[in-house]
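Subject: The model we talked about

Hi there,

Here is the structure I promised to pass on.

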Amino acid sequence: MKFTVAQMKKLGFNEPFTFDEKVDVSELETMNNDIRRIDPVHVHGDCTVQGDQFIFSFTIRGEMILPCARTLVDVEYPLDIKAREIFTTSSYLVDDNDIEIHLIDGEVLDLTPYIKENILLEVPFRVFSDEADDQQSFQPKGNDWEVTSEDAKEKKIDPRLKKLESLFKDNEKEK
């Protein structure tokens, strides 16, 4: 999603100009994060021009697939992000701690990296699947391990100590 400075100044001369596009952010799947799949997101918003500053207010809508924290099954996670980014062509920036102003390098502003950044900031720490059959997809046994419960504990005798058991039985008979 690219805009030229001349295009932004021309379209936003008297009133904010609007934009509405689908943006491919599938590059996020290859990064080292939990996003397994993300479809192209729908971005719409407007840009207000104030002198050398361009204020973009936009909404990102879409859906991504994340792993369930309990069972690692795919979980659909909807996105509805409201974002505001401020850009300037002037190298003199206002140093305000609350507002981050991005410098436009050259004549073209690419909004896609800022869209990706806002999506990455919205990825939750963990998600859980709502499906009722999560227990069926859970494997209670694997290679050299199994899940046991406290109730189901049985007294299993180590095969190496099996012969010692007979000693206890002999002692009990003698008493």
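First, some housekeeping. This is a predicted model, in which local features need pLDDT of at least 70 and side-chain atom pairs count only at pLDDT 80 or more, while totals for chains, interfaces and linings use all residues. Residues are numbered from 1 along each chain as its sequence is written, and side-chain values use heavy atoms, with hydrogens and water left out.

**The strands**

Helices (H or I, at least four residues) and strands (E, at least two) are DSSP runs, numbered from the N terminus. Two strands count as paired if DSSP finds at least two bridges between them.

S5 runs antiparallel to strand S3 (residues 37-38), with two bridges joining them; here isoleucine 38 has methionine 64 of S5 as its bridge partner. Strand S4 (residues 41-50) also pairs with S5 in the antiparallel sense, over nine bridges. These two strands form a hairpin with two residues between them, and glycine 51 in the turn has a positive phi of about 65°.

Isoleucine 65 stands opposite glutamate 76 in S6. S5 and S6 form a hairpin too, with six residues between them. Leucine 72 lies in the loop between S5 and S6, and its phi near 65° is a positive value in a residue other than glycine. Leucine 72 is exposed, with a relative accessible area of 55% (exposed means over 50%, buried under 20%, and partly exposed in between, with a 1.4 Å probe and protein chains only).

**The core**

Which residues have the most contacts inside the largest nonpolar core? They are Val41, Phe56, Leu111, Ile115 and Ile119, in a core of 34 residues. Such a core is a set of buried Ala, Val, Leu, Ile, Met, Phe, Trp, Tyr and Cys residues joined through side-chain atoms within 4.5 Å. Two or more residues each come from helix H1 (5-11), strand S2 (17-23), S4, S5, S6 and helix H2 (112-122), and S5 gives the most, with six.

Contact means heavy atoms within 4.5 Å. Leaving aside neighbours within four places in sequence, isoleucine 119 is in contact with Val25, Leu28, Ile38, Val41, Ile60, Leu79 and Ile81.

**Two threonines**

Threonine 59 sits in strand S5, opposite histidine 44. At 11% relative accessibility, threonine 59 counts as buried. Beyond its neighbours within four places in sequence, threonine 59 is in contact with His42, Val43, His44, Asp80, Ile81 and Lys82.

Threonine 112 belongs to helix H2 and is buried as well, with a relative accessible area of 12%. With neighbours within four places in sequence left aside, threonine 112 is in contact with Met1 and Val23. Threonine 112 and valine 43 are 69 residues apart in sequence and 10.0 Å apart in space, C-alpha to C-alpha.

**At the surface**

Leucine 164, in helix H4 (residues 162-174), is partly exposed at 44% relative accessibility.

Best wishes
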